[in-house]
Amino acid sequence: MGSPAGRRRPIANPPQALHTRGAVEAELIILTVRDEGNTVARMIRFGILGCGRITRRGLIPGITGSPAAELTALASLRPGVAAELARESGALRAYDSYDAVLADPQIDAVYIPSTGDSHREWTLKAARAGKHV
């Protein structure tokens, strides 16, 4: 049984790569997927649900500084905020809806920098949408 056309599924035991950055060595897990019968290794495409201080100070620098990650999308529930931050940070897309990020087939994983009940709600929605959280 193969996966439906256009859907990707992770391989059970992805390969690991060694990357040297300055004097620090880090072992990185590269996302390995089956795409139309081929095995492909590529960067993990992240979406962030929220554009607050932790996103600006920690998440964006962490993702953009990683050779194994790509900042694909930002979302904010405040209109225009994600678009502005996307321009500043180099994110490829911006959304005024968290649901739009979860529906984006180009997003592999989401980071949810929210609190309490909201965090639980969006974590469950992301998992149901097939995103890594």
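Just past α4, Gly130 adopts a positive phi of about 85°. Keep in mind that this is a predicted model, where local features need pLDDT of at least 70, side-chain atom pairs count only at pLDDT 80 or more, and totals for chains, interfaces and linings use all residues. Residues are numbered from 1 along each chain as its sequence is written, and side-chain values use heavy atoms, with hydrogens and water left out.

**Exercise 1.** Check the span of helix α4 against the expected value.

*Solution.* 
- Helices are DSSP runs of H or I with at least four residues, strands are runs of E with at least two, and both are numbered from the N terminus.
- Helix α4 covers residues 116-128, which is 13 residues.

**Exercise 2.** Find the aromatic pair and classify its geometry.

*Solution.* 
- Rings of Phe, Tyr and Trp (its six-membered ring) pair if their centres lie within 6.5 Å; planes under 30 degrees apart are stacked, over 60 edge-to-face, and the rest tilted.
- The structure has one such pair.
- Tyr98 and Trp122 sit 5.1 Å apart, centre to centre, with 85° between the planes, so call the pair edge-to-face.
- Tyr98 belongs to helix α3 (residues 98-103) and Trp122 to α4, 24 residues apart.
- Now burial: under 20% relative accessible area is buried, over 50% exposed, in between partly exposed (1.4 Å probe, protein chains only).
- Tyr98 comes out buried at 13%, and Trp122 is buried at 9%.

**Exercise 3.** Work out what Lys125 does around Trp122 and Glu121.

*Solution.* 
- A charge sits over a ring if NZ of Lys or CZ of Arg is within 6 Å of the ring centre and within 35 degrees of the ring normal.
- Lys125 lies over the face of Trp122, 4.1 Å from the ring centre.
- A salt bridge needs a side-chain nitrogen of Lys or Arg within 4 Å of a carboxyl oxygen of Asp or Glu.
- Lys125 also makes one with Glu121, at 3.2 Å, N to O.
- Both residues are in α4, four residues apart, about one turn.
- Glu121 is partly exposed at 36%, and Lys125 is partly exposed at 29%.

**Exercise 4.** Which parts of the chain does the Asp108 salt bridge tie together?

*Solution.* 
- The whole structure holds four salt bridges; one of them joins Asp108 to Arg45, with the closest N and O atoms 3.0 Å apart.
- Asp108 is in the loop between α3 and β9 (109-111) and Arg45 in strand β6 (residues 44-49), so parts 63 residues apart in sequence are tied together.
- Both Asp108 and Arg45 are buried.

Notes: The expected span of a helix is 1.5 Å times one less than its number of residues.
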